[in-house]
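Here is a short report on one protein chain. Keep the sequence and the 3D view open while you read.

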Amino acid sequence: MPQQPHQHELLSSSPDLSHTALQSSCEECFGLCCAALPFAASSDFAIHKNAGQPCPNLRSDFRCGIHTELRSKGFRGCTVYECFGAGPKVSHVTFGGQDWRQAPHTASQMFEVFPVMRHLHELLRYLTEALSLQSAATIHSQLRSLLEETERLTLLPPEALLQVDVPAHRGEINELLLRTSELAREAARRQLKNAPKRPKNYGRGADLIGAKLKKADLRCVSLRGAYLIAADLSGADLREADLIGADFRDTNLCGADLTDTLFLTQSQLNAAKGDASTKLPAALTYPAHWTGL
């Protein structure tokens with residue numbers, strides 16, 4: 001097998017992090033999401049599993065034994081999970097490549113650190129995108145400062161990582177991400193033809209479960225944290241919409257235009273329904289379960 005840079009080397013080499021480096025890479029991880037995290041028997045998971053209990057489908061090489069059959073076997077929740085590269089970081093940086101099976105004394109602490117790292121890497125993902133937006137140039141220095149601070153936190157030893165006040169750090173970053181969104185959407189309104197001058201902004205956590213928004217003009221709107229579970233967004237125009245934290249479980253995105261959306265992640269797409277006519281940002285990919293692909 002040819003030698004290639006490990007994902008953790010990419011992550012720690014520069015604060016200019018790419019979308020690729022901040023995505024899950026199961027081959028570089030010790031199966032942490034399959035062991036550290038709990039899940040309950042539901043429509044997303046076929047069985048109940050406690051935190052720290054390895055999934056019975058986890059093989060000795062830390063790969064999933066039913067990876068290609070997860071949805072048909074009742075493990076849809078696994079197909080939408082995204083660690084943003086936290087698994088490889090914990091496996092190869094925080095614990096220096098020492099896995100929890102060969103060194104059982106590390107397991108408990110490694111499993112505790114993983115969710116903290118996942119939160120920090122999610123923030124790195126959003127900060128990286130914010131820094132790519134020229135419309136937010138006036139606050140790039142502040143964004144870069146927080147990105148560098150967040151990356152510094154991810155390089156702390158396990159004991160120190162567990163002391164990080166993630167909610168406080170997230171709150172500080174969220175203020176800048178909100179300002180980024182406002183700047184980007186205002187700039188887009190000036191550029192998009194016939195864009196709404198005052199687009200409707202749905203409050204954070206807006207209840208849009210099952211909403212009928214087929215072919216809706218949602219350009220430049222804020223859907224931050226909106227519950228769009230099973231909503232019909234087929235054919236909707238979502239260009240330059242802020243989608244950070246929006247819940248897309250079973251949302252119909254067939255034919256929707258999601259190009260140039262703000263803060264959309266692969267896990268959100270994986271949770272939704274779409275087809276080959278759905279338009280995506282260049283950095284994201286069509287989920288395998290979408291129709292007509």
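## Helices α5 and α8

The crossing of α5 and α8 is left-handed (the near helix is turned anticlockwise from the far one by less than a right angle; clockwise would be right-handed). Helix α8 covers residues 166-191. Helices here are DSSP runs of H or I with at least four residues, numbered from the N terminus. The axes of α5 and α8 come within 11 Å and cross at roughly 15°. Axes are lines fitted to C-alpha atoms, for helices over the stretch in contact, and angles run from 0 to 180 degrees between N-to-C directions. That makes α5 roughly parallel to α8 (under 35 degrees is roughly parallel, over 145 roughly antiparallel, 65 to 115 roughly perpendicular, the rest oblique).

Which residues of α5 meet α8? They are Val-116, His-119, Leu-120, Glu-122, Leu-123, Tyr-126, Leu-127 and Ala-130. On the α8 side are Val-166, His-169, Arg-170, Ile-173, Leu-177 and Thr-180. Contact means heavy atoms within 4.5 Å. By class, the residues of this contact are nine nonpolar, three polar and two charged. Ala, Val, Leu, Ile, Met, Phe, Trp, Tyr, Cys and Pro count as nonpolar, Asp, Glu, Lys and Arg as charged, and the others, Gly among them, as polar.

## How the model is read

This is a predicted model: local features need pLDDT of at least 70, side-chain atom pairs count only at pLDDT 80 or more, and totals for chains, interfaces and linings use all residues. Residues are numbered from 1 along each chain as its sequence is written, and side-chain values use heavy atoms, with hydrogens and water left out.

## Helices α4 and α5

Helix α4 spans residues 86-94, and helix α5 spans residues 107-131. Their axes come within 8 Å and cross at roughly 125°. That makes α4 oblique to α5. The crossing of α4 and α5 is right-handed.

Helix α4 brings Ala-86, Gly-87, Lys-89, Val-90 and Thr-94 to the contact. Helix α5 brings Met-110, Val-113, Phe-114, Met-117, Arg-118 and His-121. The contact of α4 with α5 has six nonpolar, three polar and two charged residues.

## Two residues of helix α6

Thr-150 sits in helix α6, residues 140-154. Is Thr-150 buried or exposed? Thr-150 is buried, with a relative accessible area of 0% (buried means under 20% relative accessible area, exposed over 50%, partly exposed in between, with a 1.4 Å probe and protein chains only). Setting aside neighbours within four places in sequence, Thr-150 is in contact with Leu-120, Leu-123, Leu-124, Leu-127, His-169 and Ile-173.

Glu-149 also lies in helix α6. At 29% relative accessibility, Glu-149 is partly exposed.

## Aromatic pairs

Rings of Phe, Tyr and Trp (its six-membered ring) pair if their centres lie within 6.5 Å; planes under 30 degrees apart count as stacked, over 60 as edge-to-face and the rest as tilted. By this rule there are seven aromatic pairs. Phe-39 and Phe-45 are stacked, at 4.2 Å centre to centre with 5° between the planes. Both Phe-39 and Phe-45 are buried.

The rings of Tyr-286 and Trp-290 have centres 6.0 Å apart and planes at 80°, so this pair is edge-to-face. Tyr-286 is partly exposed at 37%, and Trp-290 is buried at 4%. Ring pairs also link Phe-30, Phe-62, Trp-100 and Phe-111 into a cluster.
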